[in-house]
Amino acid sequence: VTITMPTDQNEARQLYLNSFENQGIFAIRYPRDDISSNTIAKKVSLPYGRFKIENNSENKKVAVVGIGPNSRLLFEKLTKEKVDVTYINAIYLYPLNLDDVKNLSKYENIIIYDSYGTKEGFVDSLKSLLIDCSFKGRVVSKCLPSEFIKQGCVEQQLKTYKLDIDSICQE
């Protein structure tokens, strides 16, 4: 089983095409609201099963691992504000690539931003592998709580749980 989550339509299109090339179940998580049949997606290169490093900081102090379209917005805001972090787009959520996790374990601080899931999914899987790779730094998880979420639009829910882009950047 392979589980993925693209950040935009270009990645979604490429994952869809990749799904025909590989054996087994291939799941693509992508918000319905972000799909437009009028948009022509560009072909992008996505190495199978690997994280995509969007920005590589030289200092190896902070890495942000982001999931889905909201993480793309976070990356754009961090770039605009000239924040010196490595940003990693975790397109492939399962199974995790051990080489990617080993490279990630070289950072002092890791922020995992998953505004689409709870810690019991991707976040705990990544933390567990980081421990197996002898990671000694600090991990901050930014994800939904494991509780019933009251009614409200997505933007309201993200703001309530401090998962909106502005709240994340303030921290």
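Two residues are in contact when heavy atoms lie within 4.5 Å. Leaving aside its neighbours within four places in sequence, Leu130 is in contact with Val101, Leu104, Ser105, Ile110, Phe135 and Val139.

## Basis of the model

This is a predicted model, in which local features need pLDDT of at least 70 and side-chain atom pairs count only at pLDDT 80 or more, while totals for chains, interfaces and linings use all residues. Residues are numbered from 1 along each chain as its sequence is written, and side-chain values use heavy atoms, with hydrogens and water left out.

## The nonpolar cores

A nonpolar core is a set of buried Ala, Val, Leu, Ile, Met, Phe, Trp, Tyr and Cys residues joined through side-chain atoms within 4.5 Å. Buried means under 20% relative accessible area, exposed over 50%, and partly exposed in between, with a 1.4 Å probe and protein chains only. In soluble globular proteins, nonpolar side chains tend to be buried together.

The largest nonpolar core has 21 residues, and Leu130 is among those with the most contacts inside it, as are Phe122 and Leu126. Two or more residues come from each of strand E4 (62-66), helix H3 (98-104), strand E7 (109-118) and H4. Helices (H or I, at least four residues) and strands (E, at least two) are DSSP runs, numbered from the N terminus. H4 gives the most to this core, with four residues. Another core lies apart from it and has 12 residues, including Phe75 and Leu144.

## The sheet

Three strands form an open sheet in the order E2-E1-E6, with mixed pairing. The edge strands, E2 (26-28) and E6 (92-94), each pair on one side only. Two strands pair if DSSP finds at least two bridges between them. Strand E1 (residues 2-4) and E6 run antiparallel and are joined by two bridges; Thr4 has Tyr92 in E6 as its bridge partner.

Helix H1 (residues 9-19) packs on the sheet and touches E1, E2 and E6; its direction makes about 165° with that of E2. For such angles, axes are lines fitted to C-alpha atoms, for helices over the stretch in contact, and the angles run from 0 to 180 degrees between N-to-C directions.

## Aromatic pairs

Rings of Phe, Tyr and Trp (its six-membered ring) pair if their centres lie within 6.5 Å; planes under 30 degrees apart count as stacked, over 60 as edge-to-face and the rest as tilted. The count comes to six aromatic pairs. The rings of Tyr16 and Phe20 are edge-to-face because their planes stand at 85°, with the centres 5.0 Å apart. The pair of Phe51 and Phe122 is also edge-to-face, with centres 6.4 Å apart and planes at 65°. Phe51 lies in the loop between E2 and strand E3 (52-55) and Phe122 in helix H4 (residues 119-132), so this pair ties together parts 71 residues apart in sequence. Both Phe51 and Phe122 are buried.

## Salt bridges

A salt bridge is a side-chain nitrogen of Lys or Arg within 4 Å of a carboxyl oxygen of Asp or Glu. The structure holds nine salt bridges. One of them joins Asp100 to Arg50, with the closest N and O atoms 2.8 Å apart. Asp100 is buried, with a relative accessible area of 10%, and Arg50 is partly exposed at 28%.

Glu11, Lys52, Glu54 and Arg72 are linked in a network of salt bridges. Within it, Arg72 and Glu54 meet at 3.2 Å, N to O. Glu11 is found in helix H1 and counts as buried at 1% relative accessibility.
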